[in-house]
Amino acid sequence: ITDETTLSSAAVDVLSPSEAWQAIISARADASQQQQPIALVDTHGHPHLERSVEYAIQEKDEEILSHNDQTNIVVSITCAVSPVDWNDALDYSCRSQHILPALGIHPWYLSDILMKDIVESNIEESTTDEPANIEQYLNWDWLNELEAKLSQHPNLIVGEIGLCKMARFVREFPKALGGKATALQLQKIVFKKQMELAAQWRRPVTVHCVNAHGLLMETLEEIFNEARESCSKEEQVHSTSNNLLQNDGLKTTLRKAFPPAIAMHSFTGTAHHVQQILDFERSILYPELVEAERKKQRGKKKQQKRQNAEENEVKGDTDILFYFGFSHSVNYIMCTSEKAKRKGIEAVQAIPSDRLLVESDVHATEDVILGTAGATSYAAHARGESLQDVAETSTINGLRFISSLSS
């Protein structure tokens with residue numbers, strides 16, 4: 001499959017993962033210009049777990065996978081889910097220079113750090129009063145261990161972290177200790193601490209967020225407000241009166257309060273959620289412009305000058321905080337209702353092209369290539385773009401996301 005018409009058909013139909021990979025490598029082989037060796041970047045998967053194979057199960061796929069040579073490389077990130085598999089992810093990443101490790105605590109696996117004896121003791125002694133400190137329910141040794149690994153491995157990403165109302169941990173947390181509400185607060189605390197650690201060590205993060213967009217925004221706002229408050233106190237100490245210095249100081253403080261890049265993994269939010277996140281990013285990158293708008297300055301001339309200043313600033317700025325990743329397994333296969341499909345496509349279309357990522361989200365080495373190709377096919381279909389265009393765009397974006405490790 002090499003002709004332009006066939007490649008463009010991805011804008012109408014979702015090619016199978018095998019068909020998509022064949023089309024991608026065929027187009028690369030036929031390209032007249034010199035191609036970089038990297039064909040795709042898989043920004044999220046769990047191949048180190050080596051569980052059941054989902055995509056590469058047919059004999060014909062073995063021949064397709066043989067194309068993952070030095071001319072069609074798939075760079076991938078393998079994401080651990082709890083301290084239990086951190087070393088496995090690190091060991092797996094040693095197989096190739098094109099595999100990067102990510103360590104974190106997934107919101108599904110807080111049970112791995114649960115202090116079961118303390119939980120049981122509190123259940124027996126439970127009253128109607130709210131517990132004074134719910135952090136006592138968790139073992140916090142992992143936090144020092146994660147920081148130690150970040151110091152030892154400069155190419156280490158933080159993930160998979162996040163928030164999830166659907167997690168068994170949330171559904172089964174003891175009602176005597178607050179049930180779902182307490183479980184979600186524990187998720188939030190763990191998520192926030194990992195975000196802060198990633199910001200401190202300047203490492204990108206990959207974030208799981210399912211049915212918890214409100215809690216996500218609440219957490220991000222907390223980090224933002226704490227950073228802003230610390231900046232205000234610093235200004236008072238040094239009696240800064242120069243507005244330009246104040247603005248630069250605030251922008252620097254806000255940017256450093258967050259990781260250098262945040263990838264929303266297998267994003268299942270709506271187009272509205274996309275815009276909310278991008279608006280929030282803008283408040284970090286351009287705080288003075290947002291503040292001016294909040295003051296509701298009147299007059300068309302002032303408003304136009306403010307808009308022109310913003311447009312010029314955005315054009316000259318290459319800083320990107322939020323990315324949005326999509327996978328074939330979550331965003332296509334698991335999306336069954338027509339309403340969900342429509343909202344999913346609208347969300348993919350709402351993503352600026354320089355934020356789009358593709359993910360395999362697989363659990364076996366054999367599936368990385370086809371899982372990533374399948375994600376590329378879905379994204380191309382949703383955006384109404386050619387498969388090759390999405391492959392090239394997402395690869396550029398994926399490499400930029402990874403390069404934030406050196407920021």
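**Exercise 1.** Find where Glu125 sits and work out whether Glu125 is buried or exposed.

*Solution.* Start with the chain trace: Glu125 is in the loop that runs between α5 (116–124) and α6 (141–152); helices here are DSSP runs of H or I with at least four residues, strands are E runs of at least two, and both are numbered from the N terminus. A quick word on the ground rules: this is a predicted model, so local features need pLDDT of at least 70 and side-chain atom pairs count only at pLDDT 80 or more, while totals for chains, interfaces and linings use all residues. Residues are numbered from 1 along each chain as its sequence is written, and side-chain values use heavy atoms, with hydrogens and water left out.

Next, the surface: Glu125 has a relative accessible area of 59%, so Glu125 is exposed (buried is under 20%, exposed over 50%, partly exposed in between, with a 1.4 Å probe and protein chains only).

**Exercise 2.** Take Glu281 and say which residues Glu281 is in contact with, leaving aside neighbours within four places in sequence.

*Solution.* First place Glu281: helix α11 (residues 271–285) holds it. Then check accessibility: the value is 4%, so Glu281 counts as buried. Now list the contacts (heavy atoms within 4.5 Å): Ile320, Leu321, Phe322 and Arg355. Finally, zoom in on Phe322, whose backbone nitrogen is reached by the Glu281 side chain at 2.9 Å.

**Exercise 3.** Describe how strand β4 is paired, and how many of its residues are buried.

*Solution.* Begin with burial: eight of the eight residues of β4 (residues 157–164) are buried, so the strand is largely enclosed by the rest of the structure. Pairing needs at least two DSSP bridges between the strands. With β3 (residues 99–103), β4 pairs in the parallel sense over two bridges, and Ala102 stands opposite Ile157. With β5 (residues 205–210), the pairing is parallel over five bridges, and here Cys164 faces Val210.

**Exercise 4.** What is the angle at which α2 and α16 pack?

*Solution.* Helix α2 (residues 17–30) and helix α16 (residues 368–383) pack at about 85°, and their axes are 8 Å apart. The two helices are therefore roughly perpendicular (65 to 115 degrees).

Terms used:
Axes are lines fitted to C-alpha atoms, for helices over the stretch in contact, and angles run from 0 to 180 degrees between N-to-C directions. Angles under 35 degrees count as roughly parallel, over 145 as roughly antiparallel, 65 to 115 as roughly perpendicular and the rest as oblique. A polar contact is a pair of N or O atoms within 3.5 Å; within protein, one must be able to donate a hydrogen and the other to accept it, and residues adjacent in sequence count only if both atoms are side-chain atoms.
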